[in-house]
Amino acid sequence: MKPLLPLRREAAADSAPGAAQRVPGVESLPSFTYPWRRVLAGVAVLAAVGIVSAGIGPVGIPPLTAAKMLASRLPGLEVAQTWPDSWDTILWQLRLPRIVLAGVVGMALAASGAAYQGLFRNPLADPYLIGAAAGAGLGATAALVTGVPTSIGGVSLLPVAAFTAAVLTVTAAYAISRSPVGAPGPPLTTLILAGVAISSLAGAGAAFLMLRSDPDLRPVLSWLMGGFISAEWSDCLLMLPYLAVGFSVVMTYAWTLNVMQLGEGHSRQLGVDVGRAKPALVGAATLMTAAAVSLSGIIGFVGLVAPHAVRLVWGPDHRTLLPVAALTGGAFLILADVAARTLISPAELPVGVVTAVCGAPFFLYLLRRRRAHAL
Amino acid sequence: MANPPLDRLRLYAAAAAALVLAACSAQPAQPTAPPAPSAVFPYAVQDSRGNEVVFDSPPDRIIAFDSAAVEILFAIGEGHRVVGTHDFVTYPPEAAGVARIGDAFNFSIEKAVALKPDLVFVFFDSPIEDLERAGLKVLYVESLKDEFIQIADNIRTWGRITGAASAAEEVAARFQERVAAIEKKMENRGRGPSALQDVGGFWAPGQDTLMGEVFDLLKLRNIAHDVEGYAQISPEVIVERDPAVIIAADPASITGNPAFRDVTAVTDGAVFKLSSDALSIAGPRFIDGVEELAALIYPNLFE
């Protein structure tokens, strides 16, 4: 049976000659063999899902033709064009941007969710727990329903407003819950409660704005329900740096997250700097989530289910959990978007509906099968 | 979620009382002279629940919780009877001073009662029970969802209710004449260009909507014909079906999108924005919107 928590870096034998001389502490523990295969398998699955889904959509481009069209852009490959020009536009300007965006957004949400579940030691934590979604919703609603222009020089202000409001909301929750006595960061329970309270406040503000606004709420509602229908390459470019930086920071604290599962007090006794981990993790997760939400709306369930699914199958070591959960989240969201654009074609479903409808039963199945209490 | 209640306020903004379909079935747009309407009371209207609502005299204080009803009442010269309406009524300008009692999400029964109305007209049924418990007389008629020619009948019904039958008949007949005039001009034309309406974020009306019917009248082929009600249509479907005309709430969102660069409507400069919300309210102005659209698409045929 697997240990509930990989407290030590397993591969290193305690009796290893060098180990005894080192200063006892997390930094000096010898490193374990990193399960690269698992991560590489995840990357391969994500890439395969991305390529296959390029051949699926409301416009029936045969998968083989789609593969040829992709190959035709590879350097050094000559592929005769046997397809109409419009398919090129559909594949390169519409389908691929949304596949890539769904992938990176899914990764960001799943990584944030995994980080929050570890940080708060709360299985119900998701990337929206301490206000990112409600804040973004308020910002987006304010931008859409108040008279301000929604774009300046062709650049849409909606993502900017959503991102700013999301970051401000989480910052407010963090500042309010900061304890005055010089403790290492705010008590986590207080942070959750402050986040939930501020979320309600922001949600009420958004509802109020909607009620007092122009009656055509469709743009707001579509945005709130989330989706990749208007994804463009520029969105992917915007999202990537947030994912790269946020994920790197979260990964840096993977081991800290493992130790923190013992509770804050024990972690400190083990020499883990919880005080620095809290703002770093909250900041990284918030940046990733805010960027994701501002580009694709509020998509539920990915950030909650993907980490749990990975945890149930491969255990709770954050060093593997974080990357594999991110890759799983990306692949899951790409597939959910395939369903969103094909199920009621030529119309589209909000992708958030799909993630909930597919995510919930799958998750219950995993729970049932594993009868896991390792959450 | 395609039609949240608040949204419907504008989109399917309801018409007034439903009349028997017989009155307008066979040749809906024929401006045949109907029997001279008489301002006779009692007058009974069938509501959308199947009940008869009987009027013994014209109501003097009407809460018209519906954009279309407000427009109709003002158009037939009975706007002075309107004492209350919902928050989103923007037309006619004379209605600006009418008291507002809420929207589809919060209908203030207290404000409604305080206005001492002798008729409350609603196009959705959720507030009916509360209104009736407060002792108010309620007329509930659902919004028109197709057959916009019934707008004429709704105008006549309001005429009968307010004792202004002949004024209403004039407005209704004029409406029908203008529809008939368009029908006549379109009569000998073949199928026109393919078209799409994007009311924002790729939300498009299907064929079973008032807009779908306008498309039929103007012989436009709705590329979203297989969409039910209003739905978000896939952008790749727009590229594939290549509409020659796009009516967009935000034309820049279409013309500025690189994916639509080769769509005929974009290359031909046929991405239009309508000048008003006339086509989203089933009132007397609806025909203004139809005529504007007709002139945009067939500039030589309509001026």
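Reader: Which residues touch the most other members in the largest nonpolar core?
Author: Leu101(A), Phe120(A), Phe228(A), Met239(A) and Leu333(A), in a core of 118 residues. A nonpolar core here is a set of buried Ala, Val, Leu, Ile, Met, Phe, Trp, Tyr and Cys residues joined through side-chain atoms within 4.5 Å, and buried means under 20% relative accessible area with a 1.4 Å probe, protein chains only. Helix 4 (residues 85-119) of chain A gives the largest share of this core, 19 residues. Helices are DSSP runs of H or I, at least four residues, and strands are E runs of at least two, numbered from the N terminus.

Reader: Before I go on, what's the model and how is it numbered?
Author: It's a predicted model, where local features need pLDDT of at least 70 and side-chain atom pairs pLDDT 80 or more, while totals for chains, interfaces and linings use all residues. Residues count from 1 along each chain as written, chains are lettered from A and ligands numbered from 1 in written order, and side-chain values use heavy atoms, without hydrogens and water.

Reader: OK, what is Phe228(A) in contact with?
Author: Leaving aside neighbours within four places in sequence, its contacts (heavy atoms within 4.5 Å) include Arg98(A), Leu101(A), Ser296(A), Leu333(A) and Asp337(A).

Reader: Switching to chain B: which residues of strand 12 are buried?
Author: Val245(B) and Ile247(B) on one side, Ile246(B) and Ala248(B) on the other.

Reader: And how many bridges join strand 8 of chain B to strand 12?
Author: Four, and the two run parallel. Ala195(B) has Val245(B) as its bridge partner.

Definitions and conventions:
Buried means under 20% relative accessible area, exposed over 50%, partly exposed in between (1.4 Å probe, protein chains only). Two strands pair if DSSP finds at least two bridges between them.
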